[in-house]
Amino acid sequence: MTATFGAPSTLRSGDSIDLGPAVELISKEEGHRQPLAPEFVSTEDFSPLEVAYDFGRITREQIEAGPRNIWRYKSLLPVPSNVEEYPNTEPGCTKLIRADRLAKELGVRRLWVKDDTGNPTHSFKDRVVAVALAAAREFGFNVLACPSTGNLANAVAAAAARAGWDSVVLIPSSLERAKILTTAVYDGSLIAVDGNYDDVNRLATELAAEHETWAFVNVNVRPYYSEGSKTLAFEVAEQLGWRIPSQIVVPVASGSQLTKVDKGFRELGEVGLVEQTPYKVFGAQATGCAPVANAFKKGYDVVQPVKPDTIARSLAIGNPADGPYVLDVVNRTGGAVEDVTDEEVVEGIRLLARTEGIFAETAGGVTVATAKKLIETGKIDPDEETVLLITGDGLKTLDAVQDHIGPKATVEPSVDAVRAALAD
Ligand SMILES: Cc1ncc(COP(=O)(O)O)c(C=O)c1O
């Protein structure tokens, strides 16, 4: 008997599935192939599964004529051909901002900020959830679920509400209040667990095996979910005029996003949408939860789990599922993984806000501060073009900055008082 992981027997799988160009699942370690199904671990070598495609002819013109959301890239994603016809939050097509003032502060020539705070629930997680929902519908699930460090909770609860599905969202009870409220408002089943994310994740894996109709987006439909992160790479390339930047800095929690940005760039080259130019991928972590940065610095190819202790709670995954694959990508492309202290994270948030008028959450602070450190240590080349992925909104992590910022003064309602305060 072959073991299966998360593929309940009553759901559809195999030939009758329309997931566009997706044809099979392939194991990351040894390349074993198996039919498309809601499974996430190879039955052969027990490594994570990834989606394999048979891409047809794809042109820039086709994509440019598509909708102003991630479905313009549906010919590169594991989603049904008519995906845009179902209710969904329509994420993507966020701004790529030429960040000249930040570039000047950091001492680099050409810098871009991909501002993914512009998504429907204000983080890049809307992208991965939209793809997971589309695949889950095709497999016959009807409940959307997840363990989350916060942003995914928002995205799952909102996407399920839009689709008319129930949602079950598990979070560590210590999460930022804003992230709890911005999930609860969608009125799914939000469960706060007294434990850290790694406890919550373990719980979700057990529940996924028990509940046939629950699609845990980042567990049993993870191979499809994670493909949504490729759309960040697709958009960056398209917005740069169909070319790949030389350097990109990506925040790392589970590590999925970083590996998929790399996969996205490679696929664009493979199908001929961009020239296959070299690029370096850099990972950003908070020192209080830096298992991948630690492994990178020691030259390991495996990641030793840590107990997270950082204000960057969205990145607080102590045992990152894709950690080893982040190391592969970073080593293959000539990048690095670096980490920054919580003080540097707050500084990073403030630097981005002050120079570009973008208020990022703690993960964005990690990215900016890490980029600064990588520039100062010569790992990022200041003469090459760099893109920073800003993946979440500062309004969700106000507690990280509340003790550091505030009004310049509180004054009486008189012009003199304001004048005096401004003169200080
Ligand atoms: C804002 C934000 N950025 C980046 C990440 C990292 O994502 P990944 O788990 O794919 O590494 C997360 C994860 O929750 C996040 O919330």
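Figure 1. Let's start with Val-303, which counts as buried because its relative accessibility is 16%, and the cut-off for buried is under 20%. Keep in mind for this view and the rest that the model is predicted. Val-303 is found in the loop that runs between α10 (291-298) and α11 (323-333). So who does Val-303 touch, once its neighbours within four places in sequence are left aside? The contacts are Pro-291, Val-292, Ala-295, Pro-320, Gly-323, Pro-324 and Leu-327. For a sense of scale, pick out Asp-403 too: Val-303 and Asp-403 are 100 residues apart in sequence, and their C-alpha atoms are 34 Å apart in space.

**Figure 2. Helices α4 and α5 side by side.** Two packed helices are described by the angle between their axes and the distance between the axes. Here we have α4 (residues 151-163) and α5 (residues 177-184), with axes that come within 8 Å and cross at roughly 10°. That crossing makes α4 roughly parallel to α5, because angles under 35 degrees count as roughly parallel. Which residues do the touching? From α4 come Asn-151, Ala-153, Asn-154 and Ala-157, and they meet Lys-179, Thr-182 and Thr-183 of α5. Sort the residues of this contact by type and you get two nonpolar, four polar and one charged.

**Figure 3. Trp-214 and Phe-216, a tilted pair of rings.** A pair of aromatic rings is described by the distance of the centres and the angle of the planes. The structure holds five aromatic pairs. In the one formed by Trp-214 and Phe-216, the ring centres are 6.0 Å apart and the planes are at 50°, so this pair is tilted. Are these two residues buried or exposed? Trp-214 is buried, at a relative accessible area of 17%, and Phe-216 is buried as well, at 0%.

**Figure 4. Phe-265 and Tyr-279, an edge-to-face pair.** Now look at the rings of Phe-265 and Tyr-279, which sit 5.1 Å apart, centre to centre, with 70° between their planes. This pair is edge-to-face, because planes over 60 degrees apart count that way. Phe-265 belongs to helix α9 (residues 256-270), while Tyr-279 is in the loop between α9 and β11 (280-286), so the pair ties together parts that are 14 residues apart in sequence. Phe-265 is buried, with a relative accessible area of 1%, and Tyr-279 is buried at 11%.

Figure 5. In one spot, Arg-72 has its charged end over the ring of Tyr-73, 6.0 Å from the ring's centre. In another, the charged end of Arg-98 sits over the ring of Trp-112, and here the distance to the centre is 5.7 Å.

Figure 6. Most residues other than glycine have a negative phi. What about His-122, which is not a glycine? Its phi is positive, near 70°. You'll find His-122 in the loop between β5 (111-115) and α3 (125-139), where it counts as partly exposed at 36% relative accessibility. Trp-242 isn't a glycine either, yet its phi is positive, about 60°. The loop that holds Trp-242 lies between α8 (230-239) and β10 (247-251). Trp-242 is buried, with a relative accessible area of 6%.

Terms used:
Residues are numbered from 1 along each chain as its sequence is written. This is a predicted model: local features need pLDDT of at least 70, side-chain atom pairs count only at pLDDT 80 or more; totals for chains, interfaces and linings use all residues. Side-chain values use heavy atoms; hydrogens and water are left out. Axes are lines fitted to C-alpha atoms, for helices over the stretch in contact, and angles run from 0 to 180 degrees between N-to-C directions. Helices (H or I, at least four residues) and strands (E, at least two) are DSSP runs, numbered from the N terminus. Angles under 35 degrees count as roughly parallel, over 145 as roughly antiparallel, 65 to 115 as roughly perpendicular and the rest as oblique. Contact means heavy atoms within 4.5 Å. Ala, Val, Leu, Ile, Met, Phe, Trp, Tyr, Cys and Pro count as nonpolar, Asp, Glu, Lys and Arg as charged, and the others, Gly among them, as polar. Rings of Phe, Tyr and Trp (its six-membered ring) pair if their centres lie within 6.5 Å; planes under 30 degrees apart count as stacked, over 60 as edge-to-face and the rest as tilted. Buried means under 20% relative accessible area, exposed over 50%, partly exposed in between (1.4 Å probe, protein chains only). A charge sits over a ring if NZ of Lys or CZ of Arg is within 6 Å of the ring centre and within 35 degrees of the ring normal.
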